[in-house]
Amino acid sequence: MWEAAPGEELAQKIDAVPGNHSPLFAPDLSVVVPGVRTLVSAALSRLTGGGGATV
């Protein structure tokens, strides 16, 4: 999406790409699941005292 955004300068490209609170924003699903697993694993590790919790 970034490569296809119109504009040559950073500010022009940022204006053309929807933000994550926009109804046009669509996350890359290939990174959502691993990212969520990582965040949950880190939270469980902190909450359980680092006992090696896995998701």
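**View 1. Helix α2 along its length.** Helix α2 comprises 19 residues and spans 27 Å from its first C-alpha to its last, close to the 27 Å expected at 1.5 Å a residue. The model shown is predicted. Helix α2 covers residues 29-47, and the protein chain contains two helices and zero strands.

**View 2. The nonpolar surface patch.** L29, V31, V32, V33, V36, V40 and L44 form a nonpolar patch on the surface. Together, these residues have about 550 Å² of accessible area. One of them, V40, is located in helix α2. V40 counts as partly exposed because its relative accessibility is 34%, and partly exposed residues fall between the limits of 20% for buried and 50% for exposed.

**View 3. The contact between L44 and T48.** A polar atom of the T48 side chain lies 2.6 Å from the backbone oxygen of L44. L44 also belongs to the nonpolar surface patch, whereas T48 is found in the segment after α2. T48 has a relative accessible area of 48% and is therefore partly exposed.

**View 4. The surface of the whole chain, for context.** The protein chain exposes about 4700 Å², of which carbon and sulfur atoms supply 62%. Of the 55 residues in the protein chain, 4% are buried.

How values were computed. Residues are numbered from 1 along each chain as its sequence is written. This is a predicted model: local features need pLDDT of at least 70, side-chain atom pairs count only at pLDDT 80 or more; totals for chains, interfaces and linings use all residues. Side-chain values use heavy atoms; hydrogens and water are left out. Patches are made of residues with over 30% relative accessible area and no salt bridge: like charges are joined within 9 Å, nonpolar side chains (Val, Leu, Ile, Met, Phe, Trp, Tyr) within 5 Å. Accessible areas come from the Shrake-Rupley method with a 1.4 Å probe; for residues, only the protein chains shown count as cover. A salt bridge is a side-chain nitrogen of Lys or Arg within 4 Å of a carboxyl oxygen of Asp or Glu. Helices (H or I, at least four residues) and strands (E, at least two) are DSSP runs, numbered from the N terminus. Buried means under 20% relative accessible area, exposed over 50%, partly exposed in between (1.4 Å probe, protein chains only). A polar contact is a pair of N or O atoms within 3.5 Å; within protein, one must be able to donate a hydrogen and the other to accept it, and residues adjacent in sequence count only if both atoms are side-chain atoms. The expected span of a helix is 1.5 Å times one less than its number of residues.
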